[in-house]
Amino acid sequence: MANFDPALLGYGALLVLLVASLVARVDHVRLGLAVAALLALPVAIFGWQGLGYTLLILAILIVNLALIARLWLRDAHVKFTPEEEELRRAHFDGLPLATARALIDQGHWITARRGEVLIRENQAAPSLFYLSDGAASVQRDGNDVGVVADGALIGEATVIDGSNATGTVVLTSNARLWFVPAAALRAYLAANPDVAASLHEGFARALRGKLASANTRIAERASL
């Protein structure tokens with residue numbers, strides 16, 4: 001320890017700041033700032049960079065710890081129903097609990113009947129849908145080209161930018177759905193850009209999952 005260079009703690013603080021700048025969740029950013037300040041504090045005290053430097057680092061540490069505590073306390077009081085929890089874990093897991101609660105509250109839960117059309121080909125998706133229970137088919141030019149099982153999002157590829165859907169989605173069974181109108185979702189995301197970044201990541205995962213399922217079905221048909 002006699003040869004320990006306090007500057008290493010300073011480098012560690014800068015590295016933590018770099019990592020914190022790359023994450024999307026606000027609580028993780030706050031935690032990164034607090035850890036960086038904690039690493040820099042011994043340098044300020046024992047390396048004696050001046051009282052003002054030490055007080056500034058202490059202020060950064062205290063403020064961010066207080067904000068983290070407030071976020072955690074807020075999340076501790078957030079509750080979800082079982083179907084809301086399934087939605088949150090499947091598609092909004094990257095959001096703080098209170099933020100996921102606010103996003104889910106933008107939408108509505110409904111029970112829909114077999115044969116109802118959710119999205120029409122060559123038209124903008126009216127809403128983002130989450131299929132909690134049930135099944136749907138995807139049709140293109142009147143032909144079935146895919147299926148959607150429970151737990152999937154519907155409309156995530158086009159609902160944010162308002163472009164036209166490439167297929168029609170029709171329920172093939174009675175279903176339980178959560179949906180948020182496209183206009184309401186876009187307005188909410190415009191007011192909450194940090195949520196938009198996390199949601200784009202979740203949509204990308206959902207699309208990759210659908211692509212993998214489609215490739216599996218194509219391979220199975222080719223082997224028949």
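At 5% relative accessibility, does Ala182 count as buried or exposed? At that value Ala182 counts as buried, where buried means under 20% relative accessible area, exposed over 50% and partly exposed in between, computed with a 1.4 Å probe on protein chains only. Before going further, note that this is a predicted model, in which local features need pLDDT of at least 70 and side-chain atom pairs count only at pLDDT 80 or more, while totals for chains, interfaces and linings use all residues. Residues are numbered from 1 along each chain as its sequence is written, and side-chain values use heavy atoms, with hydrogens and water left out.

**Stop 1: around Ala182**

Select Ala182, which is found in helix α6; here helices (H or I, at least four residues) and strands (E, at least two) are DSSP runs, numbered from the N terminus. If residues up to four places away in sequence are not counted, Ala182 touches Ala125, Pro126, Ser127 and Val159, a contact being heavy atoms within 4.5 Å.

**Stop 2: the largest nonpolar core**

Next, select Phe92, Leu103, Leu128, Trp178 and Leu185, the residues with the most contacts inside the largest nonpolar core, which has 24 residues. Such a core is a set of buried Ala, Val, Leu, Ile, Met, Phe, Trp, Tyr and Cys residues joined through side-chain atoms within 4.5 Å. At least two residues of this core come from each of α5 (97-104), β3 (127-133), β8 (175-181), α6 (182-191) and α7 (193-223). Apart from it lies another core, of 17 residues, which includes Leu118, Ile119, Ala152 and Phe179.

Now centre the view on Trp178, which counts as buried at 0% relative accessibility.

**Stop 3: aromatic rings**

A search of the whole structure finds 3 aromatic pairs, counted when the ring centres of Phe, Tyr and Trp (its six-membered ring) lie within 6.5 Å, with planes under 30 degrees apart called stacked, over 60 edge-to-face and the rest tilted. One of them is the edge-to-face pair of Phe92 and Trp178, at 6.1 Å centre to centre and with 75 degrees between the planes. Phe92 lies in the loop between α4 (82-91) and α5, and Trp178 in strand β8, so the pair ties together parts that are 86 residues apart in sequence. Phe92, at 2% relative accessibility, counts as buried.

**Stop 4: helix α5**

Colour α5 next: 6 of its 8 residues are buried, so this helix is largely enclosed by the rest of the structure. The buried residues in α5 are Ala98, Thr99, Ala100, Arg101, Leu103 and Ile104. Among them, Arg101 counts as buried at 17% relative accessibility, and, leaving aside its neighbours within four places in sequence, Arg101 is in contact with Val78, Lys79, Phe80 and Glu84.

**Stop 5**

Switch to a cartoon view and look for the open sheet of 4 strands in the order β1-β8-β3-β6, with antiparallel pairing; two strands pair if DSSP finds at least two bridges between them. At the edges stand β1 (108-112) and β6 (153-154), each with a single partner strand, so one side of each is left without a neighbour in the sheet. Between β1 and β8 there are 5 bridges in the antiparallel sense, and the bridge partner of Ile110 in β8 is Leu177.

Then turn to the open sheet in which 4 strands follow the order β2-β7-β4-β5, again with antiparallel pairing. Its edge strands, β2 (117-119) and β5, each pair on one side only. Strand β2 and strand β7 (residues 168-171) pair over 2 bridges, with Val170 in β7 as the bridge partner of Val117.

**Stop 6: the hairpin**

Finish on strand β4 (residues 135-140) and strand β5 (residues 143-149), which run antiparallel and are joined by 6 bridges. Select Ala135 to find its bridge partner in β5, Ala149. The hairpin has 2 residues between the strands, and there Asp141 takes a positive phi near 55 degrees.
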